[in-house]
Amino acid sequence: MTIPNKETEFADLHNHLYGSIRAELLWEMGRTNPSPRWEIFLHPYETLYGKRIDSSSFFETYRDPEAFRKLYLFNHKGPFSEFQAKFNLIIALSKFDPEEIRFIAERITADQFSEGVTYGEYRIMYAPNESDVNVTAKTVAACEGFARAESELSGRARSRLVVSLHRDGGFYREYEFLKGLMEKDSLVRKYLVGLDFCYIEEGFPPKEKKEFFETVGKDNVAQRSSALTVLYHVGESFRDKGLASACRWVLESAEWGAHRLGHAIALGLDPEAYRGETIREDGSERKDTLEFLLERWEEISRFGEIPAKERISAELDSIRHKSAIEIPMTETSLSEIRTLQNYCMDRISKTSSVIESCPSSNEYIGMVRDLSHHPLTRFAQNELKLTISTDDPGIFGTDIRAEYEKAKNLGLSEDLLEKIRKDSFRYTSEILSGREIPDSLTDQK
Ligand SMILES: [Zn+2]
């Protein structure tokens with residue numbers, strides 16, 4: 001492939017700091033950790049992979065780097081629980097204390113730089129009950145690690161921090177706390193550039209975050225120097241609902257102000273994937289989708305056939321008291337979903353939202369059952385703003401070049417990939433939040 005040669009520089013915008021830890025490094029971290037938290041890893045691993053592992057002889061058994069790599073890497077298609085069982089190995093073997101976080105931030109920047117990444121945004125997530133003192137120490141430590149790496153690499157690579165908030169918890173409080181920390185600490189003010197929502201998506205509709213998105217947007221305008229992006233994993237996993245509702249979630253997130261959309265698979269996944277199946281969905285979710293269709297009927301129907309308004313109203317009446325409904329995926333419904341997706345993609349292309357597509361992640365844990373259904377080609381056809389990222393390169397055993405290669409194999413042209421690579425430097429949190437003006441980046445690389 002001609003694009004990713006040795007000199008090419010990449011921006012990797014969707015990346016989780018601890019998921020970027022390479023197998024060899026994790027093994028070393030575990031071996032030198034006096035008290036690994038084995039209980040987090042052993043039992044779920046045995047349940048899901050049917051293999052009992054003895055912690056007392058662990059570092060002997062997995063002394064061979066290949067054997068450890070095999071245990072650690074998640075590079076097959078499987079449910080999120082199987083991915084989590086492997087991610088638990090990271091949690092078990094790491095200490096996640098400030099000293100280690102500082103080291104990891106520095107090391108990951110160097111590792112990624114050696115693979116061509118000259119700008120990276122790394123997400124970190126704290127335990128929901130983490131004390132303010134610890135959140136402060138860990139956030140500062142990550143920023144210090146990035147600063148150290150930058151100075152060691154003489155500024156040739158930049159890393160920035162994104163904190164993942166808890167969808168179900170006190171994200172307002174977490175946000176206020178981080179803003180306060182930015183005021184007090186100049187290093188945090190410089191390196192902390194965004195807020196993320198990740199982990200289980202089902203059960204957390206974006207409408208619950210609408211006000212929060214607005215608050216962040218207003219604060220960004222009021223104080224540009226500490227503006228933060230909202231990065232939102234959405235439409236990645238939608239086991240509790242149909243493609244139409246999941247697609248609506250993606251559009252709502254963009255319209256309400258999410259700066260970048262994590263994965264957004266539902267937006268462009270080929271509905272053919274569900275032919276002949278019956279989808280179950282909560283009555284309240286279906287109601288939201290039917291009301292959405294009614295409200296925007298004229299606009300959406302410009303993109304193709306959707307049910308007549310009378311039919312939608314009749315369905316609304318019929319489901320009013322139902323807690324769950326079933327939707328058969330017939331020829332007609334598949335075509336209607338495709339129309340809705342085309343409308344949503346068109347709408348999103350007119351917002352400033354950027355889609356973060358992570359091919360390996362989508363292939364292994366995303367809901368892409370068959371690569372021929374992958375949304376990336378439709379994203380490209382609809383001229384959406386795109387970036388390609390690694391997500392958890394350590395655990396997926398991938399790197400940025402491999403992800404561009406996968407995107408090429410999915411059908412993206414080299415010219416387009418080159419455009420995406422360059423554009424990605426304009427989709428950084430600092431630019432999207434309004435903190436930085438992209439002028440200096442014209443003619444980037
Ligand atoms: Zn992610």
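Visitor: Let's start with Phe96. Where does Phe96 lie?
Guide: Phe96 lies in the loop between helix H5 (80-93) and H6. Keep in mind that this is a predicted model.

Visitor: Is Phe96 buried, exposed or partly exposed?
Guide: Phe96 is partly exposed, because 17 other C-beta atoms lie within 10 Å. Being buried takes 20 or more.

Visitor: What about its backbone? What is the phi of Phe96?
Guide: Phi of Phe96 is about 55°, a positive value, although Phe96 is not a glycine.

Visitor: Why point that out?
Guide: Because most residues other than glycine have a negative phi.

Visitor: Give me another residue like that. What is the phi of His263?
Guide: Near 75° for His263, again positive and again not a glycine. His263 is found in strand S6.

Visitor: Is His263 buried or exposed?
Guide: His263 is buried, because 28 other C-beta atoms lie within 10 Å.

Visitor: You mentioned a strand. What order do the strands of the sheet take?
Guide: The order is S1-S2-S3-S4-S5-S6-S9-S10. That is an open sheet of eight strands, with parallel pairing.

Visitor: Which strands stand at the edges?
Guide: Strand S1 (10-16) and S10 do. Each has a single partner strand, so one side of each is left without a neighbour in the sheet.

Visitor: How are neighbouring strands turned against each other?
Guide: By 25° on average, direction ignored.

Visitor: Back to S1. How many of its residues are buried?
Guide: Seven of the seven residues of S1 are buried, so S1 is largely enclosed by the rest of the structure.

Visitor: And how many bridges join S1 to S2?
Guide: Five, and S1 and strand S2 (residues 117-125) run parallel.

Visitor: Which strands does helix H8 touch?
Guide: Helix H8 (residues 171-184) packs on the sheet and touches S3 and S4. The direction of H8 makes about 145° with that of S3.

Visitor: And H11, which strands does that one touch?
Guide: H11 packs on the sheet too, touching strand S5 (229-234) and S6. Its direction makes about 180° with that of S5.

Visitor: Now S9. Which residues of S9 are buried on each side?
Guide: Strand S9 (residues 354-357) is covered on both faces. Val354 and Glu356 are buried on one side, and Ile355 and Ser357 are buried on the other.

Visitor: What joins S9 to S6 and to S10?
Guide: Three bridges join strand S6 (residues 260-263) to S9, in parallel. Three bridges also join S9 to strand S10 (residues 386-388), again in parallel.

Visitor: What are the bridge partners of Ile355 there?
Guide: Leu261 has Ile355 as its bridge partner in S9. In S10, Leu386 is the bridge partner of Ile355.

Visitor: Which residues of H16 are buried?
Guide: Among them are Ile337, Arg338, Leu340 and Tyr343. The buried residues of H16 pack against helices H11 (243-255), H12 (265-268), H14 (297-301) and H18 (376-381).

Visitor: How do H6 and H7 cross?
Guide: The axes of helix H6 (residues 98-114) and helix H7 (residues 132-152) come within 7 Å and cross at roughly 35°. The crossing of H6 and H7 is right-handed.

Visitor: What classes of residue make the contact of H6 with H7?
Guide: By class, 11 are nonpolar, two polar and five charged.

Visitor: One last residue. Where is Leu269?
Guide: Leu269 is in the loop between H12 and strand S7 (278-282). Leu269 counts as buried, because it has 26 C-beta neighbours inside 10 Å.

Visitor: What does Leu269 touch?
Guide: Leu243, Met367, Val368, His373 and Pro375, not counting residues up to four places away in sequence.

Terms used
Residues numbered from 1 in each chain as written. Predicted model: local features only at pLDDT ≥ 70, side-chain atom pairs only at ≥ 80, totals over all residues. Buried ≥ 20, exposed ≤ 12 C-beta atoms within 10 Å, placed from the backbone. Helix = DSSP H or I, 4+ residues; strand = E, 2+ residues; numbered from the N terminus. Pairing = 2+ DSSP bridges. Contact = placed C-beta atoms within 7 Å. Axes fitted to C-alpha atoms, helices over the stretch in contact; angles between N-to-C directions. Left-handed = near helix turned anticlockwise from the far one by under 90°. Nonpolar A, V, L, I, M, F, W, Y, C, P; charged D, E, K, R; others polar.
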